[in-house]
Every structure is written in C-alpha cells, then in structure tokens.
Amino acid sequence: MTRIGFAPGVYDLFHIGHLNILRRARRHCDRLIAGVTSDELAERLKGRPPVIPLSERLEIVASLRCVDVAVVEAEEDKLKTWKRLGFHVIFKGDDWRGTPKWEELGRRFAQVGVEVVYFPYTVQTSSTLLRGSLELLSPKKAPEIVSAQLAEPLDQVGGQEQEVGQQQCAVNGKEDVLTAQE
C-alpha cells in the first residue's frame, strides 16, 4: 500500500522551516501532497493576507523534489480535505502540538485512521518573524519627496544652505534627489 502524506501550510515567505517540514514529511510517506493555503483562507485564519500570492507559493512548493504534488487548500476543515485527497498521515510543526485546534483534529483523525505527525519547529526562522522584519524595514507611510526647486537660488545669503540640509533629511536618505549646486 502506498502511504500518502499531507503537509498543509500557508508557505508564505518560503524559508528553511518550511523546507525542513517538507523534507522530513517526505521521509515518512511514499507520496507527499503539500496543501498550500489559499489567500482567502490564510487571511481568515491569520487576520492578514499572505505577502506572496497563492499562485507563486503554489509554484515554489510544487517545484520541490520532496513534494509529489501541491494543491490549493481552501477548506478550513482538514477532514474535508482528507475526504478529497485520501491521505494516511498529516504533518505539522510541533508549535501546533497541544493547541486546542490540533488536539481536536488529532481525535477526529484518529477516528478515521489518519496519523498526525509533528516535526520540530525551526525556532530561528518563521514567516511571522520574517514578516515582522519586513514591516520594521518598511516605512509606515510613504516618505514625502520634497521638490528640488527652491524659492531662492543657493548662492544668495540667508540660510538656504540649512534649508537644503533639512530638505535632504526629509527625503529619507535619497541623496541623489538634491545635489550640491555650485
């Protein structure tokens, strides 16, 4: 009998933790199906949309040697997905172990003969950490670019050099916008 495994996930900002789970999952089954969560379901479950669109996440996951097929997972109820795909084992990171959702799923899967296998969570990397880093690096509001045109020529006396310095700071490091005039 071919042992079919299922590894569901959003797989947003694909990283080594995702790869670790999929590689480990492949070693525990003959055929691995990766369920890539739809944008709509991900937003409903996590309260925000993925950074990477579904079509790209699906292509990334499907291109891995350890994955036999990648499918869109648009159904929140994993037992409905099981009925559609017929897998024998489902894989998750152990950060989900002991959560009310996965305790209940474990009981329901046991009733239909599906094994739940947890793999070690990759602590140093997660999509949540990566997303947080991106948000820290991204300005909350687009910087207002000050026009390079000044009211008075720079060579006139009256403190315009200080004004130019302030304008250069206002463009948030875009030194090429205002250049020194001689």
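Mentor: The model is predicted, and its pLDDT averages 79 over the protein. Of the residues, 66% score at least 70. Residues 149–182 are another matter, with a pLDDT below 50. Beyond near neighbours in sequence, that stretch has 24 contacts in the model. Where pLDDT is low, the predicted coordinates should not be read in detail.

Now the overall layout. The protein has seven helices and five strands. Along the sequence they follow the pattern β-α-β-α-α-β-α-β-α-β-α-α. The protein has 182 residues, and 36% of them count as buried. Take the contacts between residues at least 6 apart in sequence: 75% of these join residues at least 24 apart. The accessible surface comes to about 11300 Å², and carbon and sulfur atoms hold 52% of that.

Turn to H3 itself. Which residues of H3 are buried? They are Leu54, Arg57 and Val61. Look down the axis of H3: these buried residues fall within an arc of 65 degrees, so they line one face of the helix. Ser55 and Glu59 sit on the other side of H3, and they are exposed. The cover over the buried residues includes H1, S2, H2 and strand S3, which spans 69–73.

Val61 belongs to the largest nonpolar core, which has 20 residues. Val61 is among those with the most contacts inside that core, along with Leu22, Leu32, Val67 and Phe91. Several elements each supply at least two residues: helix H1 (16–26), strand S2 (31–37), helix H3 (54–62), strand S4 (89–93) and strand S5 (115–119). H1 gives the most, with four residues. In soluble globular proteins, nonpolar side chains tend to be buried together.

What does Val61 touch, leaving aside its neighbours within four places in sequence? The contacts are Tyr11, Phe14, Leu22, Ala34, Val36, Val67 and Ala70.

Tyr11 lies in the loop between S1 and H1. Tyr11 counts as buried because its relative accessibility is 5%, under the 20% cut-off. Its backbone stands out too: tyrosine 11 has a positive phi of about 55 degrees, although it is not a glycine. Leucine 13 lies in that loop between S1 and H1 as well. Leucine 13 also has a positive phi, about 50 degrees, and is not a glycine. At 14% relative accessibility, leucine 13 is buried. Most residues other than glycine have a negative phi.

Now the other buried residues of H3, Leu54 and Arg57. Serine 38 is in contact with both of them. Serine 38 is found in the loop between S2 and helix H2, which spans 39–46. It is buried, with a relative accessible area of 5%. Leaving aside neighbours within four places in sequence, serine 38 also contacts Val72, Glu73 and Ala74.

The whole structure holds four aromatic pairs. Phe6 and Phe87 form a pair with ring centres 4.8 Å apart and planes at 15 degrees, so the pair is stacked. Phe6 lies in strand S1 (residues 4–9), and Phe87 in the loop between helix H4 (78–85) and S4, so the pair ties together parts 81 residues apart in sequence. Phe6 is buried at 0% relative accessibility, and Phe87 is buried at 1%. With Phe109, they form one aromatic cluster.

Finish at the loop between H1 and S2, where histidine 28 is found. Histidine 28 is partly exposed, at 38% relative accessibility. Beyond its neighbours within four places in sequence, histidine 28 is in contact with Arg3, Val89, Phe91 and Phe119. Of these, Phe91 is also one of the residues with the most contacts inside the largest core. The C-alpha atoms of histidine 28 and glycine 5 are separated by 7.6 Å, although the two are 23 residues apart along the chain.

Terms used
Residues are numbered from 1 along each chain as its sequence is written. This is a predicted model: local features need pLDDT of at least 70, side-chain atom pairs count only at pLDDT 80 or more; totals for chains, interfaces and linings use all residues. Side-chain values use heavy atoms; hydrogens and water are left out. A nonpolar core is a set of buried Ala, Val, Leu, Ile, Met, Phe, Trp, Tyr and Cys residues joined through side-chain atoms within 4.5 Å. Buried means under 20% relative accessible area, exposed over 50%, partly exposed in between (1.4 Å probe, protein chains only). Contact means heavy atoms within 4.5 Å. pLDDT is the predictor's confidence in each residue, from 0 to 100. Accessible areas come from the Shrake-Rupley method with a 1.4 Å probe; for residues, only the protein chains shown count as cover. Rings of Phe, Tyr and Trp (its six-membered ring) pair if their centres lie within 6.5 Å; planes under 30 degrees apart count as stacked, over 60 as edge-to-face and the rest as tilted. The arc is that of the directions from the helix axis to the C-beta atoms.
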